[in-house]
Amino acid sequence: MNLPWHLYLMAFLYIIAGINHFKNPGMYIKIIPSYLPNPKLLNILSGAAEIILGILLIVPFTTKLAAWGIIALLIAVFPANVYMFCKKKGSFSLLKIILLIRLPLQIVLILWAYQYTL
């Protein structure tokens, strides 16, 4: 079965993002909301999930399952994105605008993954 190029792109992006959790853990740990326990473990789990789900996306037998996993992961990490936006103090700087744009981008990413669940 030939998989579409955009599925390979999605898989690549999640695998690279997952690897980055291990290469630059501090970047992710600092955006984990303070009310969640053990930020280091949560970073490891989310990074590993991104890598595993990215790989499973390109295995035809597991594509649908991986897409549902990515949707669940995106929903699970959404509070970290909100926390990061709210944590940034000050007026609307370029960074604050990027963080604001990132929130609805999650919906786009969910819809992108959803097309592989059908």
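The legends below describe views of a predicted model.

**View 1. Overall fold of the protein.** The protein contains five helices and zero strands. Followed along the sequence, these elements give the pattern α-α-α-α-α. The C-alpha trace extends over about 50 × 30 × 20 Å along its principal axes. For 118 residues, a compact globule would have a radius of gyration near 13 Å, and the value of 15 Å for the protein agrees with this.

**View 2. The aromatic pair of Trp-68 and Tyr-114.** The structure holds one aromatic pair. Its members are Trp-68 and Tyr-114, whose rings lie 5.8 Å apart, centre to centre, with 80 degrees between the planes. The arrangement is edge-to-face because the angle between the planes is over 60 degrees. Trp-68 belongs to helix α4 (residues 63–87), whereas Tyr-114 belongs to helix α5 (residues 94–114). The two residues are 46 residues apart, and the pair thus links distant parts of the chain.

**View 3. Exposure of the two paired residues.** Are Trp-68 and Tyr-114 buried, partly exposed or exposed? Trp-68 has a relative accessible area of 45% and is partly exposed. Tyr-114 has a relative accessibility of 37% and is also partly exposed. Both receive this description because their values fall between the limits of 20% and 50%.

View 4. Buried residues account for 33% of the 118 residues in the protein. Of the contacts with a separation of 6 or more, 66% join residues 24 or more positions apart. The protein exposes about 7400 Å², of which carbon and sulfur atoms supply 77%.

Note on methods. Residues are numbered from 1 along each chain as its sequence is written. This is a predicted model: local features need pLDDT of at least 70, side-chain atom pairs count only at pLDDT 80 or more; totals for chains, interfaces and linings use all residues. Side-chain values use heavy atoms; hydrogens and water are left out. Rings of Phe, Tyr and Trp (its six-membered ring) pair if their centres lie within 6.5 Å; planes under 30 degrees apart count as stacked, over 60 as edge-to-face and the rest as tilted. Helices (H or I, at least four residues) and strands (E, at least two) are DSSP runs, numbered from the N terminus. Buried means under 20% relative accessible area, exposed over 50%, partly exposed in between (1.4 Å probe, protein chains only). The radius of gyration is taken over C-alpha atoms; the globule rule is 2.2 Å times the number of residues to the power 0.38. Contact means heavy atoms within 4.5 Å. Accessible areas come from the Shrake-Rupley method with a 1.4 Å probe; for residues, only the protein chains shown count as cover.
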